[in-house]
Amino acid sequence: SEIFAKLEWFNPSGSLKARASSWMIFEAAKTGVLQRNMTLIEPTSGNTGIAMSKFAKELGYHVELTIPEKISEETKEILRSFGAKLLETEDDLCPRVGPGTDQSIALANALVQNHPEKYYMANQYNNDANFLAHYNTTGPEIWEATKGNVTTFIAGVGTGGTITGVGQYLKEKDQSIRIIAVQPQKNHHIQGLRNLDESEIPELMKRRLHVVDETITVTDYESFQMVKELATKENL
């Protein structure tokens, strides 16, 4: 089989999350729910926060991020370098959706509810702009780059925006294309991904779960071993 990897670290801010973050900010500004004097607030474990901070700084918005205290110091320094104010919470390594399980999401929600005139939360777990970013850009790019010969699309699940956005687009092009979601093991240490058995499926993903044909589970060990192998053998 031929396996192609899409190198999303070439995006501004260095990750796939540049797509969803920019779309969520632009859509909010266009519809008027994000005003120039408001502060962007978002729960994040890293890449979305980095992307939102970068775009917000360039567009002139203030940013506050609610983050699990266990994320790396390197990530915190990057976030601060883009001017983000960090609100740390005692939490698991990766944000999880559901009552009582994710203090960073709960804190962001509480601040928005108490100060609606000050804060705007994009809410990547429930914002269709996240889905649309991948439906309108990532999916078409994959279809074009493979000249329509793609047979299977595989992506990790965090918010569900990538897997459903790309999946929906590709299925509309060719219903036979298989869409495979990757989740980490329970009690994992893979930042940004979620185990769908121990945390609630994000609303964004629930709305289009039908496009996912299969879900596979990967362990911390095999994931981190593959990172090393790709670095040493493929120079990635």
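In which kind of crossing, right-handed or left-handed, does H1 pass H2? I would like to start there, keeping in mind that what we are looking at is a predicted model. H1 passes H2 in a right-handed crossing, and the residues that make up this contact are Lys 17, Ala 18, Ser 21, Ser 22, Ile 25 and Phe 26 on the H1 side, with Asn 47, Thr 48, Ala 51, Met 52, Phe 55, Ala 56 and Leu 59 on the H2 side. Sorted by class, the contact residues of H1 with H2 are eight nonpolar, four polar and one charged. As for the geometry, H1 covers residues 17–31 and H2 covers residues 47–59, and their axes come within 8 Å and cross at roughly 45 degrees, so H1 and H2 are oblique to each other.

H2 also meets helix H3, residues 73–81, where the axes come within 9 Å and cross at roughly 15 degrees, which makes H2 roughly parallel to H3. Here H2 passes H3 in a left-handed crossing, with Gly 49, Ile 50, Ser 53 and Lys 57 of H2 meeting Thr 75, Ile 78, Leu 79 and Ser 81 of H3. That contact of H2 with H3 holds three nonpolar, four polar and one charged residues.

Is Thr 164 buried or exposed? Thr 164 counts as buried, because its relative accessibility is 0%. Its side chain reaches the backbone oxygen of Gly 160 at 2.6 Å, and, leaving aside residues up to four places away in sequence, Thr 164 touches Phe 131, Met 205, Arg 208 and Val 211.

Methods: Residues are numbered from 1 along each chain as its sequence is written. This is a predicted model: local features need pLDDT of at least 70, side-chain atom pairs count only at pLDDT 80 or more; totals for chains, interfaces and linings use all residues. Side-chain values use heavy atoms; hydrogens and water are left out. Axes are lines fitted to C-alpha atoms, for helices over the stretch in contact, and angles run from 0 to 180 degrees between N-to-C directions. Helices (H or I, at least four residues) and strands (E, at least two) are DSSP runs, numbered from the N terminus. Angles under 35 degrees count as roughly parallel, over 145 as roughly antiparallel, 65 to 115 as roughly perpendicular and the rest as oblique. A crossing is left-handed if the near helix is turned anticlockwise from the far one by less than a right angle, and right-handed if clockwise. Contact means heavy atoms within 4.5 Å. Ala, Val, Leu, Ile, Met, Phe, Trp, Tyr, Cys and Pro count as nonpolar, Asp, Glu, Lys and Arg as charged, and the others, Gly among them, as polar. Buried means under 20% relative accessible area, exposed over 50%, partly exposed in between (1.4 Å probe, protein chains only). A polar contact is a pair of N or O atoms within 3.5 Å; within protein, one must be able to donate a hydrogen and the other to accept it, and residues adjacent in sequence count only if both atoms are side-chain atoms.
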